[in-house]
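Me: I am new to this structure and would like a close look at one metal site. Could you walk me through what holds the metal and how the site sits in the chain?

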Amino acid sequence: MAKDFSTMELSNGSSNTSIHQVSDPAKRQTLQLAAWLGLLGSLSPLAAQAKASRIGFKAMPIGMGDFIELPADYVATVLAPWGEPVGIAGNMPAYKPDASNTAQEQAVQMGMHHDGLVFFPLQGSATHGLLVNNHEYIDEGLLFPDGFEPMTAEKVLKAQNAHGISVIEVKLDNKGWQMVRPSKWARRITANTPMTLSGPAAGHALLRTAADATGTRVLGTLGNCASSMTPWGTYLSGEENWANYFATGDKPSAHHKRWGLRPKSYSQWEPHDQRFNAEQHPNEPNRFGWIVEVDPMDPSSTPIKRTAIGRGAHEGAWVGQTKSGRAVVYSGEDARFEYIYKFVSRDKIQAGGAAANRDLLDHGTLYVARFDADGTGAWLPLVHGQGPLTAANGFADQGEVLVKARQASDALGATKMDRPEWLTIDTASGWVYCTLTNNSQRGEPGKPGVDAANPRVNNSMGQIIRWQDAGDFDGLHFKWNHLLLAGDPANARPEAKGNIQGDIFGCPDGITFGPGGLLWIETDVHSSQMRQGEFERIGNNQLLACDVTTGEVRRFLTGPTNCEITGLSFTPDGTTMFLNIQHPGESPSDRSDPKETAKYSNWPDYVDETRPRSATVAVRKKNGGVIGL
Ligand code: FEO
Ligand code: CA
Ligand code: CA
Ligand code: CA
């Protein structure tokens, strides 16, 4: 019988970490809250003391085991693993560890492979809110009792229902964070949920299909990777590896090839769900790769794919706000040699939440980044009729520029990056940070060589780049540098040596500013490389904090075997950190065999012969203090 995994405590221990040098608890609490609210500059002399040492936890060693490790004065609880019913009244089927839940049951349970997540407070609460999770992809070896093959119509439907987004209600009580079930907000969005396409490409001929002659209605979202909250209280989700779901047949078009579509899909849905046969339905792939906006506060709302932000293998999108009140949406494509974008809204953000800003992301200008060797850069407009973006060059109108944003960026000579993953914005300074996770093909014959922003051939370790736009977030030029190059300085290969000040890591992926302005960095070293070769001394994937005023990096948490650490969000008071453990026990090859996978991990259930499960983890300080300080 399945255990109740609505929550489970993971870690305990004796205290070993000082918050910082302030001994009086009342003063410390004041300082923590002030730091979180960005008021440190007005507090003196406590402010100066805090600035000298903003990281307040004791560094953890590298992780080598199948569990979460974090400083002894912190505690982590597991919340909402794959298969847990989300809490729709009257429809809460229990998770079955033998993977025998049906497709219909999966449609009301947590999806697989949690990635981006955001905590939405209810009435500003730090103890009660909604958790919105992306379910990026699936491991068919774990999702089905009989593994990947043979694929059947029922298995395709279960696979589609394990993708998408989940909304759950959560509450903190004296046992930790719990799911509230049933909940009026509980919702699953899957690969079959009706959505609207909006913005300049909506209705375009390239978006029309046999099932949707209007080009404005699409079923579902796929490859939902990172996510964020907008200033008006909605959820933005990136559609990343959607190309894996489509099959082109033997003669792919140049357009399909440019977007990485293959003759046979990775997912093998096309024999059972024809719209994934891109030979018969060549425009269906054009309806994926967008930023999806969801209003989690309204369970009946229709998710909207925002075409004005451009199409890509989008990791996610993050919104800054200019002094004049415009939204600036930064995004990137996690694919080798692809691009970094920003969208500047035409209109200003209005008070009044989601309803008042319903069309905000439909009107504005999209730009792509060029990083120049002298430490400056330019945002190049993706505007039809400007420069090479003309009908003569294959761009009939603005809709085509947006659907073919990669080809447009190629034409503009934008900088081909080392797989841009997450972005985060330091609102105080205006610097925007982006992880470039790795690029093993940099410098290979026939591939782009190094440039100033992507300076290492066979870049196994990745780097973090940052820029500051001139004047404001809508500036058309910027200055840039690297926060750091990741990697172990002991590595023999020069390109695998990092310059990190502090604890070492490779393959940065998630990145988020948190309480007191600490920059949190999550890693995603692939399981085929983890703890081997150049990664031997780096250990399991991990979460670290960086004080960007000193450059110091300190390891905070390490994850179970072969997991990735991702999804990072805080309660408004900074006393709870939510993160995701994705694909614990991931097979170094493609798909898992449950018996084989148990050798790597059976987190978080720790029952033999069961399936490891992605899950959210809530981290709190035992004294209730602010995380990290
Ligand atoms: Fe889904 Fe690029 O990580
Ligand atoms: Ca990622
Ligand atoms: Ca990654
Ligand atoms: Ca991942």
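Reply: Happy to. Let's begin with the sequence: the donor residues of the calcium ion (ligand 3) follow the spacing E-x87-D-x14-D. Please keep in mind that this is a predicted model.

In three dimensions, those donors are Glu421, through OE, and Asp509 and Asp524, each through OD. Their distances to the calcium ion (ligand 3) run from 2.2 to 2.4 Å.

Glutamate 421 belongs to strand E21 (residues 420-425), while aspartate 524 sits in the loop between strand E27 (519-523) and strand E28 (542-547), so the pair ties together parts that are 103 residues apart in sequence.

Are these two residues buried or exposed? Glutamate 421 counts as buried because its relative accessibility is 2%. Aspartate 524 is buried too, with a relative accessible area of 18%; the cut-off for buried is under 20%.

Aspartate 472 is buried but has no salt bridge. The nearest side chain of opposite charge belongs to lysine 323, 4.1 Å away, and a salt bridge needs the charged atoms within 4 Å. Leaving aside residues up to four places away in sequence, aspartate 472 touches Thr322, Lys323 and Ser324.

Methods. Residues numbered from 1 in each chain as written. Chains lettered and ligands numbered in written order. Predicted model: local features only at pLDDT ≥ 70, side-chain atom pairs only at ≥ 80, totals over all residues. Heavy atoms only, no water. Buried < 20%, exposed > 50% of the residue type's maximum accessible area, 1.4 Å probe, protein only. Lys, Arg positive; Asp, Glu negative; His and termini not counted. Contact = heavy atoms within 4.5 Å. Donors = N, O, S within 2.8 Å, 3.2 Å for Na, K, Ca; no water. Helix = DSSP H or I, 4+ residues; strand = E, 2+ residues; numbered from the N terminus.
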